[in-house]
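My notes follow in the order I made them.

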Amino acid sequence: MNDLSSAPQPPEERPARQRKPDWIRVKAPVSEGYHETRRLMRDLNLNTVCEEAACPNIGECWTKKHATVMILGDVCTRACAFCNVKTGMPRIVDPMEPENVAVAAGKMGLEHIVITSVDRDDLPDGGASQFVKVIQALRRETPDTTIEILTPDFRGKMRAAVEAICEAGPDVYNHNLETVPRLYPTIRPGARYYASLRLLEEVKIHDPMIFTKSGIMLGLGEQRLEVHQVMDDMRSADVDFITMGQYLQPTPKHTAVEEFVTPKTFAAYGSIARAKGFLQVASSPLTRSSYHAGDDFAQMRAAREAKLASKAAKGSVEAAR
């Protein structure tokens, strides 16, 4: 399989790396909190998407002892053109992983945890049962921690996978569309845009009270109206929370950045998304699926409660007439 994160090319063959604008440069992680988080992940044999996907916010998040745990190993069965996670034949699933995730959550004192995974097309259920076991371990060991999951599309196994995971009761179910439909053949060739939309719809059909969340990357060559259409598609699937962030090329072998979208443009997209009815919107160059996820969840929950209270008040007024 095509391993996009294999050994680097010789210097004479390596394309020039694109220079980033000032608004997306971040400091190198050097704090003690960062090193403590890293040690804890290594001690518990846990992987994080923060490291594997080369997230630019890792220094800030790990300093605060926030980390997005990546279950089911660190090798993916797909090779998306934007992703830095290794591709190949994954190892056997670690049976201790659910308990280790719960231990990590307890030691870090997490009020909110984000769990994601690699794609595991090699497994009969796509890895859904491991998500269920992780949620159950967290509910048992750290019952006050709210749980957000970011799952793959479970290609060919979606309905049963979503049903099992929803039964386990996560607070937030996230599945990213990643980009506009036109770019799927080159950016996300192993997935299908409308299959991902159906997954998000299926979550709401099974449990309307689970918050749903999805995100896209900007700067891949998408057009403004295409982004608007993705927003409309998400709202049609009753998605509660949209994230929009700048695509950054992890290595010279990955898809190049077509445009560094300005903070002003991100703010404009955010305003449009709010007008379309999302409960929560995160739109900035450094926005990532799990960046500030705990704070965003609290705001989203408050927004839903306010919306329900307003609807109840209107119903009372109409009933009194």
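**Helix crossing**

I began with two helices and found that H6 passes H8 in a right-handed crossing. The contact draws on Met158, Arg159, Val162, Glu163, Cys166 and Glu167 from H6, and on Arg198, Leu199, Glu202, Val203 and His206 from H8. I sorted these residues by class: five are nonpolar, one is polar and five are charged. The model is a predicted one, and I read every entry here with that in mind.

Next I checked the geometry. H6 covers residues 158–168 and H8 covers residues 193–206. Their axes come within 10 Å and cross at roughly 45°.

**Annotated cysteines**

I then turned to the record. An unreviewed UniProt entry places the feature "binding site" at Cys76, Cys80 and Cys83.

Where is Cys76? I found Cys76 in strand E3, residues 75–76. Is Cys76 buried or exposed? Cys76 has 10% relative accessibility, so it counts as buried, the cut-off being under 20%. Leaving out residues up to four places away in sequence, I listed its contacts: Cys76 touches Val85, Lys86, Thr87, Gly88, Val118 and Asp119.

Cys83 sits in the loop between E3 and strand E4 (86–87). Its relative accessible area is 23%, so I noted Cys83 as partly exposed.

Strand E8 spans residues 211–218, and Thr212 lies in it. I read 0% relative accessibility for Thr212, which means it counts as buried. What does Thr212 contact, apart from its neighbours within four places in sequence? I listed Tyr173, Leu200, Val203, Lys204, Asp238, Val239, Asp240 and Phe241. Val203 of H8 was already in my notes, from the contact with H6.

Met217 is also in strand E8. I noted Met217 as buried because its relative accessible area is 14%. Beyond residues up to four places away in sequence, Met217 touches Phe82, Glu178, Glu222, Gly245 and Tyr247. I also took one distance from the model. The C-alpha atoms of Met217 and Val227 are separated by 9.9 Å, and these residues are 10 apart along the chain.

Definitions and conventions
Residues numbered from 1 in each chain as written. Predicted model: local features only at pLDDT ≥ 70, side-chain atom pairs only at ≥ 80, totals over all residues. Heavy atoms only, no water. UniProt positions renumbered as here; feature names shortened; annotations may be inferred. Helix = DSSP H or I, 4+ residues; strand = E, 2+ residues; numbered from the N terminus. Buried < 20%, exposed > 50% of the residue type's maximum accessible area, 1.4 Å probe, protein only. Contact = heavy atoms within 4.5 Å. Axes fitted to C-alpha atoms, helices over the stretch in contact; angles between N-to-C directions. Left-handed = near helix turned anticlockwise from the far one by under 90°. Nonpolar A, V, L, I, M, F, W, Y, C, P; charged D, E, K, R; others polar.
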